[in-house]
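Look at the sequence and the 3D structure together. Keep the ligand and the backbone in view as you read.

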Amino acid sequence: MRVDVVSIFPDYLAPLDLSLIGKAREDGLLDVRVHDLRDFTHDRHRTVDDTPYGGGAGMVMKPQPWAEALDHVLALDNPSGAKPHLVVPGPGGQPFSQALARRLALEPWLAFACGRYEGIDERVYEHARDDLGLEVSVVSLGDYVLNGGEVAVLAMVEAIGRLVPGVIGNAESLVEESHEDGLLEYPIYTKPSSWNGRDVPAVLLSGNHGAIAAWRHEQRLARTAARRPDLLHASHATGPDGVPVDITAATRGDVPELAVLLRACAAEEAVATGSLDVPALHEGLDEVSSALETSQTWLARSAGRLVGAVRTRRSPDAGDRWEISRLCVTPDLDGSGLDRQLLDHAEDTAPDGIRTLTLEVGAHRTDALKAYRKAGYRPADTPASRPGTVVLAKRRR
Ligand code: JDE
């Protein structure tokens with residue numbers, strides 16, 4: 001793979017001579033060339049920046065040196081016959097990831113443009129795309145600001161370079177690593193088995209390979225849930241035990257998603273009772289939205305995904321009664337305990353002075369009814385507001 005890097009600090013890229021990437025360069029697997037942007041200026045001060053049109057803080061990199069630097073890079077010998085894919089590190093780019101590294105590792109030729117100051121004149125990007133015919137990607141290492149793209153290029157060339165065939169000897173060492181399958185790595189240990197009063201987990205010394213694999217998978221899930229809940233896909237969810245569930249008050253922005261969840265629960269009830277007389281089935285965005293004004297809706301989210309909801313309000317008829325309704329959990333988390341978690345939350349948020357808690361629920365939901373009985377609810381005198389439901393009540397402790 002051919003790599004060209006343009007920077008006003010070419011020495012910053014010196015680490016590319018070291019370690020695995022340096023070895024790959026020696027072996028001819030990577031052909032890395034670093035260019036000084038100031039070589040493409042023509043004034044005595046070798047100026048690469050100027051003040052921004054429209055005002056604002058800082059300086060902007062001028063287009064002309066960049067255009068000449070790109071022309072120079074394109075004119076260099078290139079065995080692949082292709083044009084380079086131009087990668088510009090910047091905080092406003094698409095996120096760099098293992099998946100993007102894998103795609104870029106398939107390119108025969110990458111050119112990196114290291115910006116400094118506030119960034120590069122926008123016309124450089126347009127020129128590279130429209131006039132030079134390059135594919136241009138602005139890529140971010142993360143949501144923070146560096147002084148220049150050089151450190152980002154070091155990271156990207158290392159992540160991409162190690163994926164080039166031959167750079168890493170053992171293909172297996174690539175497969176098992178973090179981010180290749182969406183979970184973080186399990187904790188690892190080496191000898192001695194006891195060090196400074198700390199023992200290696202006994203299961204790892206047991207020789208029981210099944211138990212070791214199960215333990216490692218558990219560790220990966222727990223670690224990912226704790227450090228990177230955003231990585232946890234629903235397919236890994238084992239319910240509230242495995243994935244932390246966040247319960248927060250619903251706001252206007254939650255309405256579309258919440259309406260879909262409530263429809264799903266209402267549809268289940270309609271199917272179970274053979275009746276379309278299920279109020280939640282007929283509620284659209286407006287009803288769900290206006291319910292936020294007259295009652296409190298709580299949402300359960302697991303790794304960002306809406307997995308449950310419950311509605312509470314003080315009874316308009318009897319001020320000492322707290323009405324809990326629309327208790328709804330996604331089908332894949334049925335029986336996970338999330339239902340009970342939401343009910344507990346609905347009870348805990350009842351204000352002082354509440355004597356009775358009521359819960360209206362579909363009469364067909366026998367498992368749920370059993371669980372509510374266990375939670376202290378009994379059929380109430382209050383008649384159900386519609387067929388197919390029962391009202392349960394319990395005294396507040
Ligand atoms: C790369 N994540 C962050 C920084 C910049 C204010 C100050 C500076 C090409 O334009 C750039 C490049 C860089 C350097 O890269 C990063 C980075 N991944 O900071 C700025 C923008 N605004 C502009």
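## The model

This is a predicted model: local features need pLDDT of at least 70, side-chain atom pairs count only at pLDDT 80 or more, and totals for chains, interfaces and linings use all residues. Residues are numbered from 1 along each chain as its sequence is written, and side-chain values use heavy atoms, with hydrogens and water left out.

## Domains

The protein splits into domain 1 (2–173), domain 2 (194–236) and domain 3 (239–395). These bounds come from an automatic or database domain assignment. The centres of domain 1 and domain 2, taken over C-alpha atoms, are 38 Å apart.

## Around the ligand

Strands (E, at least two residues) and helices (H or I, at least four) are DSSP runs, numbered from the N terminus.

## Contacts and cover

Which backbone atoms come up against the ligand's nitrogen and oxygen atoms? A backbone N or O atom of L141 is 2.7 Å from a ligand nitrogen. A polar backbone atom of G142 lies 3.3 Å from a ligand nitrogen. For L146, a polar backbone atom is 2.8 Å from a ligand oxygen. A polar contact is a pair of N or O atoms within 3.5 Å.

On its own, the ligand has 510 Å² of accessible area, and the protein covers 87% of that. Such areas come from the Shrake-Rupley method with a 1.4 Å probe.

## Two backbone details

K191 and P192 are joined by a cis peptide bond, with omega about 5°. P192 is in the loop between α6 (172–175) and β8 (194–195).

S19 is not a glycine, yet its phi is positive, about 55°. S19 belongs to helix α1 (residues 19–26).

Methods: A polar contact is a pair of N or O atoms within 3.5 Å; within protein, one must be able to donate a hydrogen and the other to accept it, and residues adjacent in sequence count only if both atoms are side-chain atoms.
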